[in-house]
Amino acid sequence: MSLTHEAWADALRDGDLLGVACADCGATYGTPFAVCNDCGGRDVETTDLPTEGEVYTETTIQVPPVDFEGPYQVGMVQVGSARVTARLEGDGEAVEIGDRVVLDGVVESGGEPAPVFRTATDGE
């Protein structure tokens with residue numbers, strides 16, 4: 001059965017990162033999809049994703065939307081063979097492309113969670 005947004009959000013709040021993997025071509029995604037973007041296959045299954053990864057790309061939001069304080073960083077994190085869009089937090093320093101990061105909770109807005117990754121230190 002394909003991953004629902006509600007199941008993805010509940011797992012994220014519990015500290016787990018779920019994605020979907022296409023049984024036809026093997027593509028893996030970090031968010032719920034009912035149809036594979038790569039091959040159009042409909043046989044996608046829920047899969048556990050690593051909670052540690054590498055920053056693939058990042059940007060700094062200088063002018064935040066209502067209800068957010070800025071500036072802050074967002075980006076895409078490569079976790080296994082999937083990429084996840086997330087908030088990025090460094091330990092007093094900006095997170096850079098290629099940095100190792102770990103899942104460190106969620107930020108919520110309007111009842112919707114988004115993953116937060118922070119810079120990994122040795123031993124994580």
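Before you start clicking: residues are numbered from 1 along each chain as its sequence is written, and side-chain values use heavy atoms, with hydrogens and water left out. Since the model is predicted, local features need pLDDT of at least 70 and side-chain atom pairs count only at pLDDT 80 or more, while totals for chains, interfaces and linings use all residues.

**Stop one: Arg13 and Asp10**

Searching the whole structure turns up four salt bridges (a side-chain nitrogen of Lys or Arg within 4 Å of a carboxyl oxygen of Asp or Glu). Select Arg13 and Asp10 to see one of them, where the closest N and O atoms are 3.5 Å apart. Both residues sit in helix H1 (residues 5–13), three residues apart, or about one turn of the helix. Helices here (H or I, at least four residues) and strands (E, at least two) are DSSP runs, numbered from the N terminus.

Now switch to a surface view. Arg13 is partly exposed, at 38% relative accessible area, and Asp10 is partly exposed too, at 39%. For reference, buried means under 20% relative accessible area, exposed over 50%, and partly exposed in between (1.4 Å probe, protein chains only).

Glu108 is partly exposed, at 38% relative accessibility. Show Asp10, Arg13 and Glu108 together and you have a network of salt bridges.

**Stop three: Glu52 and Arg100**

Stay with strand E7 and pick Arg100, then Glu52. Their salt bridge has its closest N and O atoms 2.7 Å apart. Glu52 belongs to strand E4 (residues 52–61) and Arg100 to strand E7, so the pair ties together parts 48 residues apart in sequence. Glu52 is partly exposed at 33% relative accessibility, as is Arg100 at 35%.

**Last stop: the cysteines**

How many disulfides are there? The count is zero, taking a disulfide as a pair of cysteine sulfur atoms within 2.5 Å. Select Cys36 and Cys25: the sulfur of Cys36 has its closest cysteine sulfur in Cys25, 3.6 Å away, which is too far for a bond. Cys36 is buried, with a relative accessible area of 3%.

Finish on Cys39, which is in no disulfide; the nearest cysteine sulfur, that of Cys22, is 3.6 Å away. Cys39 is partly exposed, at 42% relative accessibility.
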